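Hi everyone, thanks for coming.

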Amino acid sequence: MLGSKSRFGKWWVYLVVTVALVMVIAPFAWMVLGSFKGEGELRRVPPTWLPESASLDNYTQLFAQLDFGTYFVNSAIVAVVVTAGNLLFCSMLGYALAMLNFPGKRVLLLLVLATLMIPGVVTFVPLFVLVANAGLIDSLPGLFLPFLATPFGVFLMRQFISGLPADLLDAGRVDGASELGIFARIILPLCGPALATLGILTFLGSWNNFLWPLVVAQTEKTYTLPVALALYSTGQNNTQYGLLLAGACVVVLPLLVVFLVFQRHFIEGIATTGIK
Amino acid sequence: MSASTIAVPPRMEAAPSPVAPARPGRGRPGEGRAAWILAIPFTLLFLAFTVWPVAQSLFMSFTDTKQKDLRTPFSVNFIGLGNYVRALSDPVFQRAAANTAYFVVVGVPLTLAVALLAAVALDKGITRFRAVFRLGFYTPVITSIVAVAVVWRFILQPDAGLLNTVLSWFGIQGPNWLGDVQWSMPSLILMAIWRNFGTGMIIFLAGLQAVPYSLQEAAAIDGANTWQRFWHITFPLLRPTLLFVSVTTAIGYLQFFEEPFVMTQGGPLNSTISMSMYTYNQFGYGNYGVATAMSYLIFVVIAVITAIQFRVLREKA
């Protein structure tokens, strides 16, 4: 009897969610369409939807005159290194904390949990001092080193590995596997779903990260995409709308593709961890 | 009827819970050594780039550290609570704190409400294309705030902007959203809701699906209408989820930074400057001690608000 809603009721809900979906997606559609428009058309009142004469001028200018290719490569390198580091280091410690006994385990676990909620704004000034004194300001290592090992990753991996049967260890030991061999050959292959979630969330966080690269990247050779776009869009002389929209597309679209390909892992990961 | 008249069935355990049984003794020989080999890389990076900065940040906040002390961060003067006093008596910081409070107090409940509405609509209202809507509503969450802020700056333009054009179809003369002191903050909140409600929606959907169908059915047989069922059964069971989403959303909103940085630079007339943004500005001026004191104030506010939310939302009803 719960499912016996009238046809009209459902039709009404479909209409509402469809209108809502159009409103949610409209800014993206406008961004993509606008990136093909010329300056004159972008300033017209009232605004147009479809470009009158679509051209790739904005994109060629972005990559030929403005070096967005370099920023793109920087963003990609930093995101890949940060993701790889977290997958490796967090699964290693997560396994040790979940399955092994060792001196100092409780202290380490408490320290990781205590720092889980500390916002980035608390650490960025001393982190800047540290990285500056190491001579890493305005370098790619300065951009990725501080993010290679994050407490959230350890928390996620420990939770997941705790759910695996502990018999696996004993089975491995009986078969003569070394302690590290058990991790590499038995545990890690079973961590696929957790690694997928952690990998996607880390890549996303790194690609979109703004405050730290804004502080560390001081010349164009180390800018990441969000830094370049933000500085360009707030700069004094730059009011070329088409370029800004094309730049926003270059930041957003690669991630959108990654998201659509991996969306199942994504959404399951969000539902279980709640972290965006 | 009230929820208390319904006997809650015991949770079905699908399988024995896969908790590791306590292993006797102190483990195998070599276990401790192997564990530390696995732990060392993370621990070193974690100590250097998380634990140390957190501690040094606290130290700096009690000193007069400036940019010129960059090379010698420990040969500085200890000035007690001076930076905290300076921050709290700074009218711009007070303005930033008020703006951040506005953003959180208005933005968080609205984001939660939209997320819950979307989740209920997708869970109960429709049966087809659920995955498409879920995906669509979630898409803004994955995008760079910088990029969407650039796009929204155009959408919110007074004359050529998309929003005011749509409003004009209905005969409404839209304001100069980002240029008007009254409308600048609501504009940022609107964009924040648009970008963030997808996260809450996904988590609420998972929470809604965990509400046992038998409970809904029993209430329906007892004559409860849809609204009563939602309010007396679904909502109380959703409380832990609600707590979780409100805490994580509030923590994020308390640190909002990119939106004013790109869209308004804190203006007009400091009407959108946030605590994080002002902290960043102080860092930019070279006032490291003041900046770290401000960052600790943000941290304290986050901790206090999280504690309050736990109090209010946890053990009620």
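Let's begin with the overall layout of chain B, which reads α-α-α-α-α-α-α-α-α-α-α-α along its sequence. Please keep in mind that this is a predicted model. In numbers, chain B has 12 helices and zero strands. Of its 317 residues, 53% are buried. And if you take the contacts in chain B between residues at least 6 apart in sequence, 68% of them join residues at least 24 apart.

Now to how the helices pack. Two packed helices are described by the angle between their axes and the distance between the axes. I'll start with helix H2 of chain B, residues 82-89, and helix H3 of chain B, residues 91-125: their axes come within 5 Å and cross at roughly 70°. Angles of 65 to 115 degrees count as roughly perpendicular, and H2(B) and H3(B) are therefore roughly perpendicular to each other. On the H2(B) side you'll find Ala87(B), Leu88(B) and Ser89(B), and they meet Pro91(B), Phe93(B) and Gln94(B) of H3(B). Sorted by type, the residues of that contact are four nonpolar, two polar and no charged.

Next comes helix H1 of chain B, residues 31-61, which has two partners to show you. Within its own chain, H1(B) packs against helix H12, residues 288-313, at an angle of about 115°, and the axes are 7 Å apart. The crossing of H1(B) past H12(B) is left-handed. H1(B) brings Val54(B), Ser57(B), Leu58(B), Met60(B) and Ser61(B) to this contact, while H12(B) brings Tyr288(B), Gly289(B), Thr292(B), Ala293(B), Ser295(B) and Tyr296(B). That set splits into six nonpolar, five polar and no charged residues.

And which helix of chain A has an axis that comes within 8 Å of the axis of H1(B)? That is helix H10 of chain A, residues 179-187, and the two axes cross at roughly 50°. With that angle, H10(A) is oblique to H1(B). Glu179(A), Leu180(A) and Phe183(A) make the contact from H10(A), with Glu31(B), Ala34(B), Ile37(B) and Leu38(B) on H1(B). Here the tally is five nonpolar, no polar and two charged.

I'll finish with two single residues. Thr264(B) is in the loop between helix H10 (258-263) and helix H11 (275-284) of chain B. Is Thr264(B) buried or exposed? Its relative accessibility is 11%, so Thr264(B) counts as buried. The Thr264(B) side chain makes a polar contact with the side chain of Thr272(B), at 2.6 Å. Leaving aside residues up to four places away in sequence, Thr264(B) touches Leu178(B), Glu259(B) and Thr272(B).

Over in chain A, Ala228(A) lies in helix H13, residues 225-234. Ala228(A) counts as buried because its relative accessibility is 5%.

Terms used
Residues numbered from 1 in each chain as written. Chains lettered and ligands numbered in written order. Predicted model: local features only at pLDDT ≥ 70, side-chain atom pairs only at ≥ 80, totals over all residues. Heavy atoms only, no water. Axes fitted to C-alpha atoms, helices over the stretch in contact; angles between N-to-C directions. Helix = DSSP H or I, 4+ residues; strand = E, 2+ residues; numbered from the N terminus. Parallel < 35°, antiparallel > 145°, perpendicular 65-115°, else oblique. Contact = heavy atoms within 4.5 Å. Nonpolar A, V, L, I, M, F, W, Y, C, P; charged D, E, K, R; others polar. Left-handed = near helix turned anticlockwise from the far one by under 90°. Buried < 20%, exposed > 50% of the residue type's maximum accessible area, 1.4 Å probe, protein only. Polar contact = N/O pair within 3.5 Å; in protein donor to acceptor, adjacent residues only side chain to side chain.
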